[in-house]
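Please brief me on this protein model. Keep it short and group the points by topic.

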Amino acid sequence: MMDLGGQTNTADLIKDGTDATFMADVIEASREVPVIVDFWAPWCGPCKTLTPTLEEAVRQAGGKVKLVKVNVDENQMVAGQLRVQSIPSVFGFVDGQPVDAFMGAVPASEAQAFIKKLVDLAGGGGLAEALDAAEQMLDEGQIDDATQVFAAVIQQDPAQPRAYAGLARAQLINEDLEGAKAVVDQVPEELAQDPAITAIRSAIELQEQAAGAGEEDELRAQVEADPDNHQLRFDLAVAMMGKGDNEGAVEQLLELFRRDREWNDAAAKEQLFKLFESLGPKDPLAQSGRRRLSSMIFA
C-alpha cells in the first residue's frame, strides 16, 4: 500500500505480532518478502536501543523486508519454539523458514547488513550476490556469518555448488576436516564435477595429506642438509600447504620437478595440479604457477 506521498506505508512494514498472528504475519508473509522478527520485552534495556534501529533500517529498505515485533512477556509460545533464551533476539524468515538470527543490540550498519543478507537470500539481490558476500566474509574471517549464509542458500536451492564449497571451506578454516568431508558428501551427484566441488575436494585431500606431514622447520633443515632427497622436499611442500604457505609449497614442488620430473610417478606435477585446482582458476598464484610449470614441461 502506498500513501499519497508515494512512500511505502509503514503500517504494512512494521507491526506488533502475537502467537495467534505469527503464522499469517511471519510464516505466510515471508513467502512474499523476508520478515524480521524482533523478540523484545518492556523491561529490556538493549531492546529499547535495538528496536528503533531495526525500524529505521526496515523503512530505509523501502519495502524489501518487513518487521514483526513480538513481546515475549505476552507471547511465549513462538519464542519457546524458536528457543529464544535471551532478548533482544532477532530472526530472519524467508519462504516460511528461519534462515538467520542474532542476539543483542547491534549498530545500524549491522542491522542493514542483516537485512541485505535476507534480501539476497530471498532473491532480491540474487543468490549469486549472497554467495559473493559469503565468500567475502570468509576472506575477512567472518566464518560464522558466512557459514549461516552458505547453509541458508543450500536450504533455499540445493543446486548451488558454490554454497557447498563455501560451507566446506569454512569447516577447513575452522580445522574441522571431518566436517568439511561431511559437507562434500552431501553434494548432489549431478554437481559432483562442478569446478567449485572438484576444487574443494582437492583442498580436502591436501589438508588430509598435511595432517600427516612432519614439522615444517625440521623438514626445511633436513632439505637444506640433503637437497637431493626428493621425498623430504615433497614432505616439506605438503607441510607448508598445511600451514597455508601455498606460495612456498609451489616453489618447493617446482624445484622438485626441475630436479626430477619423473620422481615417484611425477608426484611433484600431480601435487601442483591438485594445489592449483584447490585454489581455483582465477587465483593469481595458481595462474603464475601453471605458467611456470608449463614452461618447464615444454622447455
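Is Cys 44 buried or exposed? Cys 44 counts as buried, because its relative accessibility is 2%; buried means under 20% relative accessible area, exposed over 50% and partly exposed in between, with a 1.4 Å probe and protein chains only. This is a predicted model: local features need pLDDT of at least 70, side-chain atom pairs count only at pLDDT 80 or more, and totals for chains, interfaces and linings use all residues. Residues are numbered from 1 along each chain as its sequence is written, and side-chain values use heavy atoms, with hydrogens and water left out.

**Disulfide**
- The whole structure holds one disulfide, meaning a pair of cysteine sulfur atoms within 2.5 Å.
- Cys 44 and Cys 47 form this link, with their sulfur atoms 2.3 Å apart.
- The link of Cys 44 and Cys 47 is right-handed, with 85° about the S-S bond.
- Cys 47 is buried, because its relative accessible area is 2%.

**Overall build**
- The protein chain has 15 helices and five strands. These are DSSP runs numbered from the N terminus: helices are H or I with at least four residues, strands are E with at least two.
- The radius of gyration of the protein chain is 25 Å, well over the 19 Å from the globule rule for 299 residues, so the chain is more spread out than a compact globule. The radius is taken over C-alpha atoms, and the rule is 2.2 Å times the number of residues to the power 0.38.
- The C-alpha trace spans about 80 × 35 × 35 Å along its principal axes.
- Of the 299 residues, 46% count as buried.
- The protein chain exposes about 15400 Å², and carbon and sulfur atoms supply 48% of it. Accessible areas come from the Shrake-Rupley method with a 1.4 Å probe; for residues, only the protein chains shown count as cover.
- Among contacts between residues at least 6 apart in sequence, 61% join residues at least 24 apart. Contact means heavy atoms within 4.5 Å.

**Strands around E3**
- Five of the six residues of strand E3 (residues 66-71) are buried, so E3 is largely enclosed by the rest of the structure.
- Strand E1 (residues 14-17) runs parallel to E3, joined by four bridges. Two strands pair if DSSP finds at least two bridges between them.
- Strand E2 (residues 35-40) also pairs with E3 in the parallel sense, over six bridges.
- Val 68 in E3 has Lys 15 opposite, and Val 37 stands opposite Val 68 as well.

**Hairpin of E4 and E5**
- Strands E4 (residues 89-94) and E5 (residues 97-103) run antiparallel, with six bridges between them.
- Gly 92 has Asp 100 in E5 as its bridge partner.
- Two residues lie between the strands of this hairpin, where Asp 95 takes a positive phi near 55°.

**Glu 216**
- Helix H11 (residues 216-225) contains Glu 216.
- Glu 216 counts as buried, because its relative accessibility is 15%.
- Beyond its neighbours within four places in sequence, Glu 216 contacts Leu 236, Ala 239, Met 240, Lys 243 and Asp 245.

**Confidence**
- The mean pLDDT of the protein chain is 87, and 95% of its residues reach 70 or more. pLDDT is the predictor's confidence in each residue, from 0 to 100.
- Confidence is lowest in helix H1 (residues 10-13), at a mean of 68, and highest in helix H13 (residues 246-259), at 95.
- Over residues 1-9, pLDDT stays under 50, and the model has nine contacts there beyond four places in sequence.
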